[in-house]
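Reader: I have a chain on my screen and would like to talk it through. Could you take my questions one at a time?

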Amino acid sequence: MSMQDPIADMFVRIKNGQFAKKISVKIPFSYFKQEIAILLQREGYIKQILSKKSLKPYLEIFLKYFEGKPVIEQIVRVSKPGLRVYKNKDHIPSVMNGLGIAIISTSKGILSDKEAKKKGVGGEIICYVS
């Protein structure tokens, strides 16, 4: 059975791992997923990322908790394979009035909404994280 949306699968694995109070989750490797995970780490939503090269390479994402609660309360996929959502630099959304982030795939790489506004680029809205 083929996977239709590997990015949504990544988000579901993170949500399920946090719900089950796991220390880490393993995700099949891709460079796009790795860039999303690096952005989540840079923004303080996850602890650490390890890239394991084996027969089937994977990413190990170490989840972050604060006072027993997951740091990522909500992660919502916006742009899907069947319906891509693009915004220009003037219409990039703000998540929870700046308390959350929007992850955007731009020509300058994977950026948060604040970074994209600062660089003056728009792109595909991947997800909202809060």
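**Contacts, fold and a few residues**

Author: Happy to! Among contacts in the chain (heavy atoms within 4.5 Å) between residues at least 6 apart in sequence, 62% join residues at least 24 apart. This is a predicted model, where local features need pLDDT of at least 70, side-chain atom pairs count only at pLDDT 80 or more, and totals for chains, interfaces and linings use all residues. Residues are numbered from 1 along each chain as its sequence is written, and side-chain values use heavy atoms, with hydrogens and water left out.

Reader: What is the radius of gyration of the chain?

Author: The chain has three helices and ten strands; helices (H or I, at least four residues) and strands (E, at least two) are DSSP runs, numbered from the N terminus. The radius of gyration is taken over C-alpha atoms, and the globule rule is 2.2 Å times the number of residues to the power 0.38. That rule gives 14 Å for 130 residues, and the chain comes close to it, so it is as compact as a globular protein of that length, with a radius of gyration of 15 Å.

Reader: Is P28 buried, exposed or partly exposed?

Author: P28 sits in strand β1, residues 24-28. Leaving aside residues up to four places away in sequence, P28 touches R13, K33, P57 and Y58. Buried means under 20% relative accessible area, exposed over 50%, and partly exposed in between (1.4 Å probe, protein chains only). The relative accessible area of P28 is 33%, so P28 is partly exposed.

Reader: Which residue in β3 is the bridge partner of L50?

Author: Strands β2 (residues 46-52) and β3 (residues 58-63) run antiparallel and are joined by six bridges; two strands pair if DSSP finds at least two bridges between them. They form a hairpin with five residues between them. In β3, the bridge partner of L50 is E60.

Reader: What is the phi of E67?

Author: Most residues other than glycine have a negative phi. E67 lies in the loop between β4 (65-66) and β5 (69-70), and its relative accessible area of 72% means that E67 is exposed. Its phi is positive, although E67 is not a glycine, with a value near 55°.

Reader: And what is the relative accessible area of M96?

Author: M96 is found in the loop between β7 (86-87) and β8 (101-106). M96 is not a glycine, yet its phi is positive, about 50°. M96 is partly exposed, because its relative accessible area is 45%.
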